[in-house]
Amino acid sequence: MRTWKKIILAIIGVGIVYIGVVLGFIYSGAQSEPVANPDTILILGAKVKGDPAKPMPVLQERLDAAIPFIQKNKEAQVVVSGGQGTDETATEASVMKEYLIDKGVEASRIKVEDKSMRTEENLQYSKEKFDLGKTVIVTSEYHVYRALMLAGRQNIDATGLPSQTDKFALLKGVPREVLSVTYAWVFDW
């Protein structure tokens, strides 16, 4: 019986170390600094709700983080990326565009990618549809590491602009992101 206890404790120990390593990578992404004078500011979608659809808090945090950077970098194109989930009444990208316009961003600067359903697709479809050049990816602080890793795999020249996430949302987002990073390390090639 003691052998089983040792094996179980060893598995738990390895699991704790692994989670610690992943959290270290996630933290490193949260420290990302956006490049100066980007060609593109790419805002990654997140859930919208209601009819008419409005950004959920995580998406609003991303948009609010992007606005001052958009205003500072007037030559950069703005790409909003996100499709429509089965429980959403509009595409994330259309809601994002409307929100930015309501906050004073010129509609002519905003380009829409509205087919993607996950981060890898946000990047892939945006790259296929637009000439991204030097790109700043705006996303939640806990999501920057994975977004930049996936961008690198698609040869997108990218840096990150992390949005600050509500503490309650972090409790939900970070554990999910640990699993998503693991999935990306293994499958998103």
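**Figure 1. Helix H6 in the lining of the largest pocket.** Of the residues that line the largest pocket in this predicted model, the largest share, 8 residues, is supplied by H6. This helix covers residues 167-186. Helix H2 (57-72), H4 and helix H5 (144-153) are also represented, and each of these helices, like H6, gives at least two residues to the lining.

Figure 2. The largest pocket holds about 990 Å³ of space. Its lining consists of 34 residues, and those nearest the centre are Gly45, Ala46, Lys47, Arg62 and Arg176. When the lining residues are sorted by type, 13 are charged, 11 are nonpolar and 10 are polar.

**Figure 3. The open sheet of the chain.** Five strands form this sheet, and their order across it is S5-S4-S1-S6-S7, with parallel pairing. From one strand to the next, the twist averages 25 degrees.

**Figure 4. The pairing of strands S1 and S6.** Strand S1 comprises residues 40-44 and strand S6 comprises residues 135-140; the two strands run parallel and are joined by 4 bridges. Which residue of S6 is the bridge partner of Thr40? The partner is Thr135.

**Figure 5. Helix H4 across the sheet strands.** Helix H4 is formed by residues 119-129. The helix lies across S1, strand S4 (77-81), S5 and S6. Relative to S5, helix H4 runs at about 120 degrees. Helix H4 also takes part in the lining of the largest pocket, where it supplies at least two residues.

Figure 6. Most peptide bonds are trans. The bond that joins Asp51 and Pro52, however, is cis, with an omega of about 15 degrees. Pro52 is found in the loop between strand S2 (48-49) and strand S3 (54-55).

**Figure 7. The backbone at Asn37.** Most residues other than glycine have a negative phi. Asn37 is not a glycine, yet its phi is positive, at about 55 degrees. The residue belongs to the loop between helix H1 (2-30) and S1.

**Figure 8. The chain that surrounds the close-up views.** In total, the secondary structure comprises 6 helices and 7 strands. Along the sequence, these elements follow the pattern α-β-β-β-α-β-α-β-α-β-α-β-α. The radius of gyration is 18 Å, close to the 16 Å given by the globule rule for 189 residues, so the chain is as compact as a globular protein of that length. The C-alpha trace spans about 70 × 35 × 25 Å along its principal axes.

Methods: Residues are numbered from 1 along each chain as its sequence is written. This is a predicted model: local features need pLDDT of at least 70, side-chain atom pairs count only at pLDDT 80 or more; totals for chains, interfaces and linings use all residues. Side-chain values use heavy atoms; hydrogens and water are left out. Two strands pair if DSSP finds at least two bridges between them. Axes are lines fitted to C-alpha atoms, for helices over the stretch in contact, and angles run from 0 to 180 degrees between N-to-C directions. Contact means heavy atoms within 4.5 Å. On a 1 Å grid over the protein atoms alone, a cavity is a set of points where a 1.4 Å probe fits but cannot get out, and a pocket is an open set with protein on both sides within 12 Å along at least five of seven lines; lining residues have an atom within 4 Å of a point. Grid points are joined across faces, edges and corners, and a volume is the space filled by probe spheres set on the points. Ala, Val, Leu, Ile, Met, Phe, Trp, Tyr, Cys and Pro count as nonpolar, Asp, Glu, Lys and Arg as charged, and the others, Gly among them, as polar. The radius of gyration is taken over C-alpha atoms; the globule rule is 2.2 Å times the number of residues to the power 0.38.
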